[in-house]
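The stops below are given in the order in which they may be selected.

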Amino acid sequence: MLAMNYRGPQRVRIDHKPMPEILHPEDAIVRVTRSCICGSDLHLYNGNVPDTRVGSTFGHEFIGVVEEVGADVHMIKVGDQVIVPFNIACGKCVFCKQGLYGNCHESNPEATAVGGIFGYSHTAGGYDGGQAEYVRVPYANVGPTVIPDWMHPDDAVLLTDVVPTGYQAAEMGGIQPGDTVVVFGAGPVGIMAARCAWLFGAARVIVFDHVDYRLEFVRNYAHCEAYNFKEIDDPVVFVKRTTDWLGADVCIDAVGAEAAGSAMQTITGRKLLLQAGSATALHWAINSVKKGGIVSIVGVYGPTGNLIPIGNVVNKGITIRANQASVKRLLPRLIEHIKNGILDPKAMITHRVPLEEVSEAYHIFSAKLDNCIKPVLIPPSAKL
């Protein structure tokens, strides 16, 4: 089969790899019909995530058709078109039973924090991902969800990560009617977080980024204010000034490890790798939120330490909430939102690229070329 093959930082190519096989009675084999490149994949692509091994296949956002199931799989059947959440979750451990599917205790023997994730380095279990023609899906009675007949596949593939992560970012913010919400980052997740903030009653939503076409997109898609932080002396002072010097009620970090905006953070976190990425957006979130406010973190950081102002967190009485999105828990509500026209995920897709051109797709998305917001890869097997 064809699959993306990681060869080192900023080097990916299409290659032939062996077909996946059923290794456990609860496995399924899924023929991929859509997969995405995520902003989080760029952390892998740029070499910012530990233990990203040469030969890996990325891709934690994919949908497809069930081709084969193990002997103990009874929730899906051959021929079903399914959404496959990026979380690999057993459904039985203490954390899965709490709905914390992103923290499954059984799917990732490499860590005690995050659960297994498709195509996201050996720190997330070492599973091959969906930027390929076929994928082995463990715990197939838990994760895969049958796509409703009425749903467009472009909407379905964004339910694997972008929509639930953006929604959970807003949910974790504990947004109350009348709140001012600031989102750092106008990538797909930040865009969706800004859109979903209104669903919880926000009265004002502000987004910061430094790429003008992304700022224009989020203004139109999420109907929010959007500002280029490079054109502002200090985003923190800007937020304070526009909120009567109190600060925002909720701040969302939707950037993570590759945030721009601070030379010191960039050098120590992205160049020298002395910390787990550049924590600039998290700094701004902590310092922009009001005393007693909430900071919601969905941006990806590595497992080592970061330079953040923890004293400000304590002295301001800030609540920090952070996690990988529990996709399975959120899917029923989000499917209804799409059905009722409240959310339109597919409008974020700007590029549809053949899987065979995966290297060019990574280049376009990483370098922010051609007004790219969200690229989707279409494998040749999608036409079978």
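The model is a predicted one, in which local features need pLDDT of at least 70 and side-chain atom pairs count only at pLDDT 80 or more, while totals for chains, interfaces and linings use all residues. Residues are numbered from 1 along each chain as its sequence is written, and side-chain values use heavy atoms, with hydrogens and water left out.

Is Arg 31 buried or exposed? Its relative accessible area is 9%, so Arg 31 is buried (under 20%; exposed is over 50% and partly exposed in between, with a 1.4 Å probe and protein chains only).

Next, select residues 188-265, which UniProt, in an unreviewed entry, lists as "domain: Alcohol dehydrogenase-like C-terminal" (positions follow the numbering used here, feature names are shortened, and annotations may be inferred rather than shown by experiment). This span is 40% helix and 21% strand, and 23 Å separates its end C-alpha atoms.

Within the selection, display helix H4 (residues 188-197) and helix H5 (residues 212-222), whose axes come within 9 Å and cross at roughly 30 degrees (axes are lines fitted to C-alpha atoms, for helices over the stretch in contact, and angles run from 0 to 180 degrees between N-to-C directions). H4 is therefore roughly parallel to H5 (angles under 35 degrees; over 145 is roughly antiparallel, 65 to 115 roughly perpendicular and the rest oblique). Finally, show the side chains of Ile 191, Met 192, Ala 194 and Arg 195 of H4 with Phe 217, Val 218, Tyr 221 and Ala 222 of H5, which make the contact (heavy atoms within 4.5 Å).

Notes: Helices (H or I, at least four residues) and strands (E, at least two) are DSSP runs, numbered from the N terminus.
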